[in-house]
Amino acid sequence: MAGTTEDKPAADKEEKASSWKDAIYNSRTGELMGRTASSWGCILLFYLVFYLFLAGMFALTMWVMLLTLDDYVPKYSDRVPTPGLVIRPKSLDILINKNDPANYGEYVQHLENLLKNYNDTLQEKNELCPPGEYFDQDLKKEDAQENQGAEQPLGNEDVNARKACQFKRSVLGRCSGLSDNTFGYSDGKPCVLLKMNRIIGLKPRGDPYINCTSMTEAKIDFVYFPNGGSIDKMYFPYYGKKAHASYVQPLVAVKLLVNKEEYNTELTIECRIEGSNLRNNDVRDKFLGRVTFRVKVVE
Amino acid sequence: MFEMGGGVEVKGGKKTKKEKKKERLEGVKKEMDIDDHEIPIEDLEQRYNTNVTTGMTSTFARQVLERDGPNELKPPKGTPEYVKFARQLAGGLQCLMWVAAAICFIAFGIELARGNFTCFDNLYLAITLIAVVVVTGCFGYYQEFKSTNIIASFKNLVPQQALVIRDGRKDTISAKELVVGDLVEVKGGDRIPADIRIITAQSCKVDNSSLTGESEPQTRSPECTHENPMETKNIAFFSTTVLEGVATGVIINTGDRTIIGRIATLASGVGNEKTPIAIEIEHFVDIIAGLAIFFGFTFFVVALFIGYSFLEAMIYFMAIVVAYVPEGLLATVTVCLSLTAKRLARKNCVVKNLEAVETLGSTSVICSDKTGTLTQNRMTVAHLWFDNHVHSADTTEDQSGQSFDQSSETWRSLARVAGLCNRAIFRPDQEGIPIPRRTVVGDASETALLKFTELTIGNIEQYRNRFKKVAELPFNSTNKFALSIHELEDPLDLRYLLVMKGAPERILERCSTILIKGQELPLDEQWTEAFQTAYMDLGGLGERVLGFCNIYLNEKEFPRGFSFDPDELNFTTSNLCFCGLVSMIDPPRATVPDAVMKCRTAGIRVVMVTGDHPITAKAIAANVGIISEGSETVEDIAIRKRIPVERVNPREARACVINGGQLKDMSSDELDDALRNHPEMVFARTSPQQKLIIVESCQRLGSIVAVTGDGVNDSPALKKADIGIAMGIAGSDAAKNAADMILLDDNFASIVTGVEQGRLIFDNLKKSIAYTLTKNIPELTPYLIYITCSIPLPLGCITILFIELATDIYPSVSLAYEKAESDIMNLKPRNPRRDRLVNESLAVYSYFQIGAIQSFAGFTDYFTAMAQEGWFPLLCIGLRGNWEDTHLQDMQDSYGQEWSFSQRLYQQYTCYTVFFVSIEICQISDVLIRKTRRLSVFTQGFFRNKVLMSAIVFQILLGNLLCYCPGMPNIFNFMPIRGQWWAVPIPYGILIFVYDEIRKLGVRRAPGSWWDQELYY
C-alpha cells in the first residue's frame, strides 16, 4: 500500500511528460494522433467512400443542371436588364501630354485594339442591314426545336448562326484612327469611344443616341461620330457569342474639342444614352447607360 | 506553449489559494476553543468587566461598542455588480469571441492600411461579435439579478430588539448595540442576540437546528456540561431561538465573532467551484480553437503556395479562424439554459446561476442535510406501544397515511393521558390551517402530542375543559416526569384522575399495573420485559420515547376540594397504572423516500450529513432509504454474528455511520476509503468544517457533488459543492446566499426533477450544439474555395451572421424542448471525464459529414444560379480577379453578354442568397435528424416537438422575408431569388436525413462496433 502511494507522484510526472508526445505518437500502442494505423486506414477509407459518393452526387446534379441550359441563350437575364456604358481608352482618368507620344500611346493602343474588329475589310463580310429597324433573326419555333434536337453535321455551318450587321470603322470619321492614327491625342483633342454593353435579346425602344456634357464650368464642344452620336437599331438584338460570332456592337466616338484655355485643368465629362427606354439614371450603378470620366490635357 | 505556461501559473495560483483557505479553516477551528463557559462566573465578570446582577456600566459598554463595532453580521462581501457583469463576459465561449473580434479588428486594420477602404465586413463582424457577447452577457446578468431578487425577498428586515441590563436597570435596546460583557435576558420566542453564557435559567430550551441540525429542543442551564463549547449547555448561540423558559446570560461574543458569524465567514472564504458545464464549454472551445487554427494554418500555407502575398495569406488565415467561431452558439446555450431554469422555477427550483441548471444533471453524489431537508423539522408522534403491540401513527404532512386501530380501551386511556397531561395549546385563530401546520405554544414533544391527540380524538380544547384541571407539575429534568390532576367528566363520579407522563423507565418505576385491552393486569416480569423490548425497539428507531400512566385517586383519601400541592407531592405517585408508550420523531417528508429511490435508480448516491445524533440519523436514513433494507453497518454485523466490532470485515458492510468524533480522527485517505467502500453513508454530529471536508473528499473521488441544506452550518459545504441547494422556506439566509439553487417548497423531491431536467438539458444541449456547429462548414467552405479556386465569393459575411444569429437560433433552441430519448432517470450519471458535452465524434460527424453534405448542397445551388444567369461553372473558376475589378464595367459572361460591376455585385448577392437558402434547407433536415442521437426520428415522434415544428416554419418565413422584402439587396445583400433555387438543395436535405437514419440504425443494431464508435456522438 505504502509502496504504491510513494510511486504515485513519480508515475504522475512521467505520465504528464509523455502525454504530450503520446498524443502525437504513442510508441507503446503504435497510435499516431490517437489512432492505430489500421484505425486510420479504416476511417480514411470511410471518408474516401463518403466523399466519392458526395462528389458523384455533386457531379450528377451539376450534369443534370447543365443539361437544362441552352447553349445560345442564358436561362435568365434578369440581372442584366439594361446595358452599361463603357469608354475606351480603358481609364476613367485620362491624362494626356499631347507632346509625348509615349504618354498617350497606351490609350491609342486601347482604341486600336477595340477598332481592330471594325476594320472595313472585316466588316464588309457582314450584312448591310436596313438602318432604323431591328435586325430580327428569330427562328421559327419548329426550326429551333429541330435544330436543337439534330446533331450538327461536321463542316456545315451552324444552323443557329446569325448574321451580323456591318459597322465600319470608317463611320467614325476623324475618330476612326484611319486618317489620324493618334486619334487626336497628339493635338490635344482626344477621341473617346463609347461602347454599350452587349445584352442578349435587348431591343432598345426609341432612337438611342449618346450625349455628353461637361460637368465642370469649362465649356467643351463635342463632336460625335456617327453623326449625332446615334446608335442604330439595326444592331439589335444580339444573339449571343455562339450564334452571333461575328457581331460587333455599335460604337459612338466623341471627339473632345479641348481649348487651349482648358489645358492643365481637369475636365469631368458625363456621357449618357438618351432618347430611349434604356436606363441612364440608376442611383447605385453609375455605369448603367451612362459613364463619367475625367480628362486632363497638358502640353 | 503559451497555454501550458498559463496552466502552470493558474495551478500555482490555486495552490496558494488552497493553502490560504486551509490556514483560515484551521484558524476558525482554533478560535472555537474558548473557555468562557468553563471558568467560574467571577472570572468571567472580571474578564469582561461586568456584573452578573447589575450588568455593565453604560459608559464602559459604549467604549466596548466603539472597540468591537456593532453586534451584527457583516453582510457577506457581495460581489460588486460590475464584477458580476464582467463575469458574464468572461466565459469560455465569450473569450473565444473576444479573440475573434480582436482578430477582426486587426484584419480590418490591415485592410485599411493597405488602402482598401471599401471592405467593412471585418468591422461589422467584430462589432457583431462584441454585441453578441454583451447582449448575452446582459441576459445572463439579468437572470442572475432576477433570482437574486427572489432570494433577497426572503430576508427578514425587522430590526431585532434585546432586553439588556446595564447599570442595574433593564432596558430594551437594538441588538446591534450589544457588546461583550452585556447582561441580557431572553424568554420564550426571542432570538438569542449574541453568543451568551447562561447565568440563570428557568426551564430554558433553545432550538439549535439551524446551527447543529438537532431538531430536538436543547435545554440551557448555568452548568458547564462539556468542554466543547458547541456541546455544553451553558452557552446559547447567536440567532438560535428560545422556545420556552427564561434565561439571563453574559454576552461572550458579538457580531462576526459569534459561532454563526464564523461559519458565515468560513462560507465566504470557500471558493466557488467551476461548474461542469463551464468545464465542458472550455473543452469545446479547445476543440474549436484547435480546428480553427489547423484549418487556418493549412489554408495559410495553401494560399502562400498558390502565390498570394504573405499579408493576404495572413488575412485569409484570420478570416478562416474567425469563420470558425460559432457566433450563434453562445446565444443558443444561454437561451437553452434559461429555458430550463424557467421550467425548473415553475417546479419551485430557483436557479441563481444559469450554469447550475446542468450541474444537477451531472450530479453523482448528493450530500443531504437531514433536518428540514429530509425531515419535516417537526416532532411528530410516530409510534405507540399499548396492548403489547407497536402501532404506527401517521407521520405524513397531509395525514394521507394509514392510521392504527383505535378501538382498544387502552388506547382511550392512553389518549386521555396524552391529551390531559399536556400544557401545549394552539395559538388562537387557526381554524383554517391543517392541524400539522398550526403553530403551538409549548415544547416540541408536547406540541407533537397535542397535534396527535387533536387529530385522533378531536377538539382537544373542549376535551380538556371537560376534565377540569386541579393541579399540575410541569416536566423538569430532575424528576423527568410531568403530571396533572383532573376532575372527571362525569359529574357524579367524584374521584380525581392523576395523569402522568415522562421518561419511560421513571414512569415504569411508579407503576404496579399495566393496562392491557382495557383491563388492569399486574405488572409482572413478563410485562416488564415486553416493555423493555418495546422501549429498546422504539429507541433504536431514533425516536424519543415517553411513558404514560394514570390512576383514579381514592375518593375517600382525596375528596373534592382536596388541596393538591404539586411541589410537596402530597398525593399518590406510585402504584400507578401503566397505559403505554408514545414515541416521537422528526419524520421524513412524505416525498423523500420516493425521491431517494429515484436518485438510486438514477445512479446517484445520497449521503446524509447531519449535525444530529447517530441513532436518529441512522433511523431516518433507514426510513428514507439512504440505508436500504438489508444493509448493515459494521456494528450491525458485529451484533448479528456476536463478534467484536474489530473482527468484522468492513467491506462486508454496505452501510456506515460515522460521527463527528470519529471523523475528527480520520485522515483524508481514510475518509476517501470509507466513502469508496461503503455505498451507503451517514455522517452524524458533524460540524460545518467537517461537512466541508466530506464534500471535498467526494470531489476528490471524482464525483460531482450536490449539497442540500438549510442551516447556517451547511453554508460552507453549500458553497464548496458543485451545486449547493438551499431550502427556501426553512433555509437561513446564509444557506441561501451560499447556494446555487433554492427549493422554494423545501421538497427534496424537487431535486429529482432538477436532476432529470439537468440531464435532459445536457443531452439537448449536445443536440443543439451539433446542430449549430454543422453549418460552420458550409459557411467556411465558400471562403476556402474562393481563396483556392478564385471563384466569385459564394457567401458573404453579413449573410453568415444572419444564419448564425437570426434564422438558426430558434431551431437550435427548439431542440431544448426535445423529449428524452430513453429513460434518462435509469442511467448512471455521466462520467465527467468520459462523457463530454462535445466530443470528437460529434465535431467530426457534424463538420466532416453533415457539414460536407451541406457544403455540396450550397455549391450545387451556387453553380446553378451562376450558370442559369450566364456564368458557367468552369468559367467561374479563376474568375475572381476580373469579377472583383471595380473598373471593369464590361465583363463578358459565357454567352458574350457584358456586365457592369454593379450587375456582377448583385449577381454575387444572388449567390449569397442562394447559398443561404441551401444552408437553410439543409439545416431543416439537420434539425430533424438532431432530434435523436440513437433512436429513429420516427420512433421519437416526427411532429411531437411542436416548438421545433414552429421553429422550422419560422425559419422558412424568416428566410423568405430576408429574400423578398423590398430593400434587402442594398441593406443586407439578400436578393429575391427564383423559386426553383429553393428546390436545388432539397435532394441534399433528403440525403442528410436518410444518411443519418442509416447511421442511427447502425448504431442501434451494432452497439460497440466500429460504426458505433466512430459515428455515435
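## Accessibility of an adjacent ring pair

A residue is called buried under 20% relative accessible area, exposed over 50%, and partly exposed in between. In this predicted model, B:Phe848 has 24% relative accessibility and therefore counts as partly exposed. B:Tyr847, at 1% relative accessibility, counts as buried. The rings of B:Tyr847 and B:Phe848 form an edge-to-face pair, with 6.3 Å centre to centre and 65° between the planes.

## Packing of H2(A) with H30(B)

B:Phe848 is also one of the H30(B) residues that meet helix H2(A). The axes of H2 (residues 37-67) of chain A and H30 (residues 840-868) of chain B come within 10 Å and cross at roughly 15°. Angles under 35 degrees count as roughly parallel, so H2(A) is roughly parallel to H30(B). The crossing is right-handed.

On the chain A side, the residues in contact include A:Phe46, A:Tyr47, A:Phe50, A:Tyr51 and A:Leu54; on the chain B side, they include B:Val844, B:Ile853, B:Phe856 and B:Phe863.

## Aromatic pairs

Over all chains, the count comes to 62 aromatic pairs. One of them, B:Phe802 with B:Phe974, is edge-to-face, at 5.4 Å centre to centre and 90° between the planes. B:Phe802 lies in helix H28 (residues 797-807) of chain B, and B:Phe974 in the loop between helices H36 (968-972) and H37 (980-983) of chain B, so the pair ties together parts 172 residues apart in sequence. Both B:Phe802 and B:Phe974 are buried.

Ring pairs also link A:Phe46, A:Tyr47, A:Phe50 and A:Tyr51 into a cluster with B:Tyr845, B:Tyr995, B:Trp1010, B:Trp1011 and B:Tyr1017.

How values were computed
Residues numbered from 1 in each chain as written. Chains lettered and ligands numbered in written order. Predicted model: local features only at pLDDT ≥ 70, side-chain atom pairs only at ≥ 80, totals over all residues. Heavy atoms only, no water. Axes fitted to C-alpha atoms, helices over the stretch in contact; angles between N-to-C directions. Helix = DSSP H or I, 4+ residues; strand = E, 2+ residues; numbered from the N terminus. Parallel < 35°, antiparallel > 145°, perpendicular 65-115°, else oblique. Left-handed = near helix turned anticlockwise from the far one by under 90°. Contact = heavy atoms within 4.5 Å. Phe/Tyr/Trp six-rings, centres within 6.5 Å; stacked < 30°, edge-to-face > 60°. Buried < 20%, exposed > 50% of the residue type's maximum accessible area, 1.4 Å probe, protein only.
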